[in-house]
Amino acid sequence: MVTKAVLAALVAFAVAAALTPLVAKFAEHIGAVDGNKERGLGKGGIPLLGGLAIFAGALVAGLIFLPDNQRTEGILAAAALITIVGALDDIYELNPAYKLAGQIAAAVVLVTSGVQVDAFTFPFVHRVDLGDLGGPLTVFALVLLMNVVNFSDGIDGLAAGVCAISAVAFSIIAFDLGRNTAGILAAIVCGASLGFLLFNFNPASIFMGDCGSNLLGLLLGAVIIEGSLKTNALIALVGPLVVLAVPFLDTGFVVAKRLKYRRVPWQGDSNHFHHRFHRIGFSQRRAVLYLYAWTLIMAGDAVALRFIPYSERSGHLNAGWATLMGLLLLLGVAASFYLVYVLEILKLRRLRAWQLRREDPDTSEHEIDAQVQRELETGEFRSVAK
């Protein structure tokens, strides 16, 4: 099965890589190009619709390597639907209500085909049966994940790279749990994402657009449901949250800030992690590589949770392995702290201190702290150019 997954990933990679330049030309021909919105970091004029190539890679590989059953048909049908909705949004900029309706419809297609969670194991507590709430909660979770990936797609190569890394972790966990179809689907997601990433890494020649980000969110959701949530393993609920910690934290921060200042949650702004890193002087490549590294650490922690025997069958912790697991989790927490706090706040403070004291040598530490605090709370930053 692992060999089959590798072959599936290679087919998805090849198809996506071969079609991406053609999709870019098609997008330019019909005028589906990025408008270089104020909140973006791109140079503008870059063709959208890259998700069409990702979908093609996933579709071809899926038809060849996934089993021919109702669930596979539902996954591919839902993928086609959300790709179409996303493509229409890339071309015509749909009303947010229409986009949400499309996301819900795609999620419903998945659920009605059997891809839904009826029960899950809550870590260290017990199995939770959802009953009739299983379907609606699954739809909600799928829509949430689509938007999380969509919100994080704001810098060259970020969404494709993060999804590829996450898909590898999900594939490994799924195979270990005996969920072979989910493992192969995750490998397909990884291959298609990497094939597109060849042209999307900075400097990008094409963007995936909403048709790509929503598609990847939907497919990862299907992988999570089929690969872990339907099992009794303790990793079932924790794993996805750890693997996707970076986009979840990013989305959580920006949505909380928008609500705090009474802005609608779906209205874009420049408060994502990659925007903040850019404002403190990171190049696009450096910012995305740091976020890749952060994702890789968190994904590694999730895989370690599955494979390191930190707990014995009796329920008692194995001291040695538990210590190792604790150190790995501490590494993940430290990486999160470093990127969220040190890079965003401390470096910003040093830069602001230099700027303010160049203007007024008598600027106090309190005034510097107050300036940094205002900028972090409002998201309105002074120029960082020296």
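The largest nonpolar core of this predicted model has 90 residues, and those with the most contacts inside it are L110, F170, I184, I188 and L220. Helix α6 (residues 158–176) supplies the largest share of this core, namely 12 residues. A nonpolar core is here a set of buried Ala, Val, Leu, Ile, Met, Phe, Trp, Tyr and Cys residues joined through side-chain atoms within 4.5 Å.

Because the model is predicted, local features need pLDDT of at least 70 and side-chain atom pairs count only at pLDDT 80 or more, whereas totals for chains, interfaces and linings use all residues. Residues are numbered from 1 along each chain as its sequence is written, and side-chain values use heavy atoms, with hydrogens and water left out.

**Core contacts**

- L220, one of the residues with the most contacts inside the core, touches L145, C163, A167, F170, V189 and L244, not counting residues up to four places away in sequence.
- Contact in this briefing means heavy atoms within 4.5 Å.

**The salt-bridge network**

- A salt bridge is defined as a side-chain nitrogen of Lys or Arg within 4 Å of a carboxyl oxygen of Asp or Glu.
- K99 forms a salt bridge with D89, with the closest N and O atoms 3.6 Å apart; K99 lies in helix α4 (residues 96–112) and D89 in helix α3, so the pair ties together parts that are 10 residues apart in sequence.
- K99 also forms a salt bridge with D210, where the closest N and O atoms are 4.0 Å apart, and this pair links distant parts of the chain, with D210 in helix α8 and K99 in helix α4, 111 residues apart.
- Helices (H or I, at least four residues) and strands (E, at least two) are DSSP runs, numbered from the N terminus.
- K99 counts as partly exposed because its relative accessibility is 26%, whereas D89, at 7%, counts as buried, as does D210, with a relative accessible area of 15%.
- The class limits are under 20% relative accessible area for buried and over 50% for exposed, with partly exposed in between (1.4 Å probe, protein chains only).

**The bridge between helices α3 and α8**

- R71 forms a salt bridge with E226, the closest N and O atoms lying 3.4 Å apart; this pair links distant parts of the chain, R71 being in helix α3 (residues 70–92) and E226 in helix α8 (residues 209–229), 155 residues apart.
- R71 counts as partly exposed at 36% relative accessibility, while E226 counts as buried at 13%.

**Annotated positions**

- An unreviewed UniProt entry places the feature "binding site" at N150 and D210; although these positions are spread over 61 residues of sequence, they cluster in space, with a largest C-alpha distance of 6.5 Å.
- UniProt positions are given in the numbering used here, feature names are shortened, and annotations may be inferred rather than shown by experiment.
- N150 is found in helix α5 (residues 134–152) and counts as buried because its relative accessibility is 17%; leaving aside residues up to four places away in sequence, N150 touches D210, S213 and N214.
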